[in-house]
Structures are given as C-alpha cells and as structure tokens.
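The following paragraphs lead the reader through one protein structure. Please keep the sequence and the model in view while reading.

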Amino acid sequence: AAAHSLRRCASLRSRRVEDAAEESDPKQYSRDTADRCFDTSPIESSLGQKQLLSNRNGSVAWSLTSSLCLADRADTTELHRPADPEYDIECGMPDETQEEEQSLHNERLADDSRDDGDHFPKSSFWDRIGRPRYALAPMIDQSELPFRVLCRRHGCNLGVTPMFHARHFCERSYRDVNWTPREGEPEDRALLVQFAANDAQTLLQAAKHVQAQCDGIDINLGCPQKIAKRGRFGAFLLEDHALLRDMVGTARNHLDVPVTCKIRLLWSDDQTVALARMLQDAGASMITVHGRTREQKGRDTGPADWKGIERVKAAVSVPVIANGGMENKAQADACIASTGCDGVMMGEAALENPAVFEGVRTGDRQEDLAEEYLGIVETYPTEARNVKQHLFNMLYGHLQVHTDLRRALHLARNVDQMKQVLAELRERPRIRTETHCNKPGEYTAWYHRHRWEYWKHAQAQGKNGCKREAAVKSWSDAQHDEAEAEPAPWIEPLA
C-alpha cells in the first residue's frame, strides 16, 4: 500500500511539473519527444561521476520506486532525491517511511562507494556478471543453448539468446518450442535474454517468464532487417525516445533483473549520444553499440565506425559493449583499446569459429569444434536444423572442396547422420587452396563468403566464376581491387 501511495504521489508530482512547463512555454512543451529527453547536470556523486537527472524546466525528476529498485540492482547511474518537504506533505508520506527509505538509499550509496579501483562499483550489474570482455551476439536460431556453451568453453564470457518476439513469447506454445528449462544453467551464465518489442507491458510480461533463468533482459534496438521495419521493432524504434524510455523504465522498475539495450549508430554523433544518455537515464544497466547505421546491411554493410562507438562510451557512465566487423581476437582487442569500451560482442565470426574468443585461427580446428558441438548437443538437445546450420558454418571451407559431403550433410536428418558426415570429412585431405578460396593459400572462410561471392560474380560476367584456375590467376595478377571495383549485379543462378 505504501509503495502504491508513493507511486501515485510521484505521478501527481510529474503531472504538476508538466502542467507548469506547458503554461510557461507551450512551444517548448510540444516539441518532439526526442528533444525533451533528460539532460545531465553535473554534481559530485559517490562514484566520482558527475550526474543528475533533470528535465528541461530545471525540476528534478525523482522516483522512490526507482530508488528502491536501484537498492536491489545497483548500477552506476544514480538518482538523487531532492529536498522537497512540500512534496512529502502533499503525498502524505509517513515520517517513519521517509526515514526508512532514505536510510535504505543511503546504505546503498555507501556500499557502492567501496569499489575495487575500477570505474564501476563492486555491487554493480557489471561486477555481478563477471565484467565480461568477450560476448556472443544474439543470432536468430544460432545463439541457442548448446552453441553458447561451446563458445563459453573457448573464451566467451557473456552469452545472449536469440532474439525472441515478446508478443509471441507470451504464448505458451511459442515458449515450449523456443525456451527450455535448462536455459540459464550454471554452464550457461552470464546470460542475457533478448526481446524485440514495441510495447512496455508486452515486454514486461514476456520478460517475467525468463527472469529467474538469466542475469538480465536485453532489448533489441539494432535489427535493421525488413521484418523489423514491418513489425516496428529493432533499429526502427531508435528515434522514438518516449516509447524507449517507457519500455526501459517499466522493465527496470518491475523486473528482478537489470535491463540492457543493443543499439545501432544514428546519422549523427549527437543523435547517438542523446539516445544512449536517454537509455541510461531510463534505467539501462549496459548498452551494446553496433558501429553501423540501420542502412548499412547486406552488400552495403561497410566497416564499423569505432569512433562513433568511442563517443558513446565517453558520454555515458554505464558499461558499453562494442559490436560489428570484428573477425578475430586481435581485432576485438584492438577495438577495446581504440574505443575504450568495456568489452566486445562477436557474432558471425564466432559462428564459423567458436574458439575465436581465445585466439584460435579460423581453419585450424574446424572439425574438432564441430565434433565438440555435437557432443554438447547430446547434453543440451536442440532442433536438428539448428545443428545442421552450425555444421555448415563451421565446416564451410572443407565442404567447398568435398562437395559430395556437402550434399550428404544437406540430406542428413538427425545428429547421428551428421556425425557420419563429419567422420568421413576427417578422412579426407585438408586442402586450403581450392574452388572458393579467399586467396591462394588461405583458408576458405565462411565469414568472407559475401565478399567472395560478390567478387566472383563480378569476375564471372555471367559465367561460373568458381573455377580454381581463374580464381588463382585473377588474384595472382593483383589487378582486382575490391574497394574500387564497379558494383556488379548479383547473378542468379550461376551458369
């Protein structure tokens, strides 16, 4: 009852502030919600940060329910309660309740001030998940439980589930297919569960089904695909600050686990920084930044913008994870050094080489990793189609050479048949320079398939450009510069 009264009082206070703002400056009040997000105003906090949440007309926005939530899930973003006796009197808050909650808040601040020399408190979400350096990205039908376990055994510190549609996840039939009781077991931690949503209550309802089996809920704000545009989720919500603030704040205040967000860059640094600060102020405990805009996809992907990620990191106080375009551990470490981020997230590179997190070179242990994955599937069963796709990714280079086994894998209907294909592949010679090679003498990487296919079609001019001799000759002549090549239409099917 007391909590309900406090929330009602906070709501009344908020409406009174908005009414005053509208009377004083109607034009300012009616601006787009993206321009009315919280600013940051400096004061000294117990973490040595300078931060206070204030709205446009200078009033301090404070919610005791948020403070209570922070007491359980301490993060680096602090909310400071203003001295306002009139507020307490109007709300009818009992003196003993004021003293008890203020004491609880002060104890939390005191605990947070005892850090370990880093810029995040010991009691923070970041510390509780082990301060991960290498994270596995969420990938539909691919970052499932057995694959996450495989990556963890090879250096991955944080896993994210495939993206789930929040509205569908509220249905038991959907959960029965996509979520198992073994998700989030000790071998599967630290774990974030990612949802795509465009409604706060739907997100909250879906997240409550999994909060006991994970370390946090991640909101997908980075998907650039057409299905996200049609469904109005992912990167197509980035400009709707009011909706995002509602989703993050609602989840933060009503879940037992923290909330994180995965975003993409916007068209200017100022827009991206404003977005990141708004998400932090709304209650996000961590932000993952994909260093590309939503227009950068497919053949127009291009390199990730590390400078854009660096600016986000410098603008917020919560942990920031960098994502996009990292092919190996050396590039991941270079990204951390360049951007100052707290960790990196890798996706497609890990699909081909789950040991990329520990520095294993792609092509050196593909069969071993595939065999290890099949062993994990026996412990954590998953759909056969997921298993088959992982094997195609891990064994891509060798299957381009031994095409009969590629067809055999395609026809396999269960894990035992897939094991037979793998055993046969082990008996075949390992040839690094063949039909679909990236360069003569280099392993044929699935990660580079788009670049190779685009180049191949441009060279083929309507004919099959997969012939080994033609490929080797073109590369050895060193006359083709991919960066300067004229765009060529995709030729399907190949002659």
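Helices here are DSSP runs of H or I with at least four residues, strands are DSSP runs of E with at least two, and both are numbered from the N terminus. The model is a predicted one, in which local features need pLDDT of at least 70 and side-chain atom pairs count only at pLDDT 80 or more, while totals for chains, interfaces and linings use all residues. Residues are numbered from 1 along each chain as its sequence is written, and side-chain values use heavy atoms, with hydrogens and water left out.

Val377 has 5% relative accessibility and therefore counts as buried. Buried means under 20% relative accessible area, exposed means over 50%, and partly exposed lies in between, for a 1.4 Å probe and protein chains only. Leaving aside residues up to four places away in sequence, Val377 touches Pro146, Thr382, Val387 and Val415; contact means heavy atoms within 4.5 Å. Between the C-alpha atoms of Val377 and Pro146 there are 5.7 Å, although 231 residues separate the two along the chain.

The packing of helix 7 and helix 17 provides the setting for this pair. Two packed helices are described by the angle between their axes and the distance between the axes. For helix 7 and helix 17 the angle is about 130° and the axes are 9 Å apart. Axes are lines fitted to C-alpha atoms, for helices over the stretch in contact, and angles run from 0 to 180 degrees between N-to-C directions. The two helices, helix 7 and helix 17, are therefore oblique to each other: angles under 35 degrees count as roughly parallel, over 145 as roughly antiparallel, 65 to 115 as roughly perpendicular and the rest as oblique. Their crossing is right-handed, a term used if the near helix is turned clockwise from the far one by less than a right angle, anticlockwise being left-handed. Helix 7 contributes Pro146, Phe147, Val149 and Leu150 to the contact, and helix 17 contributes Leu369, Glu372, Tyr373, Ile376 and Val377. By class, eight residues of this contact between helix 7 and helix 17 are nonpolar, none is polar and one is charged. Ala, Val, Leu, Ile, Met, Phe, Trp, Tyr, Cys and Pro count as nonpolar, Asp, Glu, Lys and Arg as charged, and the others, Gly among them, as polar.

Eight of the eleven residues of helix 18 are buried, including Val387, Leu391, Phe392 and Met394.

The axes of helix 13 (residues 269–282) and helix 14 (residues 306–315) come within 9 Å and cross at roughly 40°. Helix 13 and helix 14 are therefore oblique to each other, and helix 13 passes helix 14 in a right-handed crossing. Their contact is made by Asp269, Thr272, Val273, Ala276 and Arg277 of helix 13 with Gly308, Arg311, Val312 and Ala315 of helix 14. Four of the residues in this contact of helix 13 with helix 14 are nonpolar, two are polar and three are charged.

Attention now turns to aromatic rings. The whole structure holds seven aromatic pairs. Rings of Phe, Tyr and Trp (its six-membered ring) pair if their centres lie within 6.5 Å; planes under 30 degrees apart count as stacked, over 60 as edge-to-face and the rest as tilted. Phe164 and Phe169 form a tilted pair, 5.1 Å centre to centre with 35° between the planes, and both are buried. Phe164 also forms an edge-to-face pair with Trp179, at 6.1 Å and 85°. Phe164 lies in strand 5 and Trp179 in the loop between helix 9 and strand 6, so the pair ties together parts that are 15 residues apart in sequence. Ring pairs link Phe164, Phe169, Tyr174, Trp179 and Phe195 into a cluster.

Most residues other than glycine have a negative phi, and most peptide bonds are trans. Arg189 and Ala190 are joined by a cis peptide bond, with omega about 0°. Asp141, not a glycine, has a positive phi of about 65° and lies in the loop between strand 3 and helix 7.
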